[in-house]
Amino acid sequence: MALMKRLFLKIVYTPRALTYNVRHLSTEVAHDDSPVEMENPFTKEKRQCILCKFNITPDYKNYRLLSQFQSPYTGRIYGRHITGLCQTKQAAVEREITKAQNCAYMPYYYKDKTFFKDPKLFDPENPIRSHRF
Amino acid sequence: MPSYEMAMIIRAMPKVELKNALMRISNGIFDRGGIIRKIENLGYRPLPYKTSAHGLVHKEAIFFVFKIDTATTVVSDLKEEYSRDVDVVRQRVFKVNEESEHACTLETELLPPAYRKEVQEMIKMGKSQVNRFRHKFSYNSGLDYYPFQK
């Protein structure tokens, strides 16, 4: 029994001492593999509105671009929850549309029918936030 | 001298007359000490809505943009002069937009309401005000009558 106990102790205790030694050594030697300070690589890319993305400043003379933000049914300007623009650009678009309408570049109550087939920048049926109506 | 843009809508007319009209408009600016940087012709096209000017109804017109530099005090003079010009259907003067560096704030605007700064400010303001549903009138406020309907 005493022999068994001695054997058991040998088996159990020797590896512990070994692992301790190994761990101690590894921290000293393998410093190349230590953690590196870096930015979170999984952060998502910042979303930008379409006008900021392509760096476009809306202008009242460019009424073709502005007409894309106008409803083809009523000629009214789509809201920010539909166009997906940032606050600044939406305000600029609205300001320039009123200017263009005032200068008779753009109609008030309808959209110019020659611009009906222009590419759609957004889908009025799928707003970012739900409609008020 | 600040920069302005004059959007001029000139009635449809033959080239020779148009040239005279443009000369007249330009001379109005030069006479008042202004300068013209550029004259842009946006072409002859139908108006989006019919416009009556000087007793005539116009459905087509020629569009011009004058980029000018003048004194601010001159602008109203110019407007007044062109309002009397029978060839000018409509005229608008705008100050040239200044280029401004602006970073897109869409990301912060799409956050849930509790994280948006403007919503946080609204909540803060609401908390600083008296809740008129829960507020109880105290009788020892100095008034010797009850100010509300019982």
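Start with the surface of chain B. Chain B exposes about 10700 Å². Carbon and sulfur atoms supply 54% of that area. Keep in mind that this is a predicted model.

Read from the N terminus, the order is β-α-β-β-α-β-α-α.

Now zoom out. Along the principal axes, the C-alpha atoms fill a box of roughly 85 × 45 × 35 Å. The radius of gyration of chain B is 28 Å, whereas a compact globule of 150 residues would have one near 15 Å.

Colour by burial next. Of the 150 residues in chain B, 33% count as buried. Then look at the contacts with a separation of 6 or more: residues 24 or more positions apart account for 70% of them in chain B.

**The hairpin of chain B**

Select residues 35-53 of chain B, which are strand 2.

Follow strand 2 of chain B to the turn. Strands 2 and 3 form a hairpin, with two residues between them. Click His54(B) in that turn; its phi is positive, at about 55°.

Move to residues 88-95 of chain B. This is strand 4, and it is mostly covered. How many of its eight residues are buried? Six are.

Show residues 3-11 of chain B as well, which make up strand 1. Strand 1 runs antiparallel to strand 4 of chain B, joined by seven bridges. Tyr4(B) stands opposite Lys95(B), which belongs to strand 4 of chain B.

**Chain A, whole chain**

Hide chain B and turn to chain A. Chain A has five helices and zero strands. From the N terminus, the elements read α-α-α-α-α.

Chain A exposes about 10500 Å². Carbon and sulfur atoms supply 58% of that area. Of the 133 residues of chain A, 29% count as buried. Take the contacts in chain A between residues at least 6 apart in sequence: 72% join residues at least 24 apart.

**A nonpolar patch on chain A**

Select Ile50(A), Phe54(A) and Leu121(A), and show their surface. Together they make a nonpolar surface patch of about 250 Å².

Centre on Ile50(A). This residue lies in helix 2 of chain A, residues 50-53. Is Ile50(A) buried or partly exposed? Ile50(A) counts as partly exposed, because its relative accessibility is 33%.

**A buried glutamine**

Gln68(A) sits in the loop between helix 3 (63-66) and helix 4 (80-83) of chain A. At a relative accessible area of 14%, Gln68(A) is buried. The cut-off is under 20%.

What is in contact with Gln68(A), leaving aside its neighbours within four places in sequence? Show Lys111(A), Asp118(A), Pro119(A), Leu121(A) and Phe122(A).

Terms used
Residues are numbered from 1 along each chain as its sequence is written. Chains are lettered from A and ligands numbered from 1 in the order in which they are written. This is a predicted model: local features need pLDDT of at least 70, side-chain atom pairs count only at pLDDT 80 or more; totals for chains, interfaces and linings use all residues. Side-chain values use heavy atoms; hydrogens and water are left out. Two strands pair if DSSP finds at least two bridges between them. Helices (H or I, at least four residues) and strands (E, at least two) are DSSP runs, numbered from the N terminus. Patches are made of residues with over 30% relative accessible area and no salt bridge: like charges are joined within 9 Å, nonpolar side chains (Val, Leu, Ile, Met, Phe, Trp, Tyr) within 5 Å. Accessible areas come from the Shrake-Rupley method with a 1.4 Å probe; for residues, only the protein chains shown count as cover. A salt bridge is a side-chain nitrogen of Lys or Arg within 4 Å of a carboxyl oxygen of Asp or Glu. Buried means under 20% relative accessible area, exposed over 50%, partly exposed in between (1.4 Å probe, protein chains only). Contact means heavy atoms within 4.5 Å. The radius of gyration is taken over C-alpha atoms; the globule rule is 2.2 Å times the number of residues to the power 0.38.
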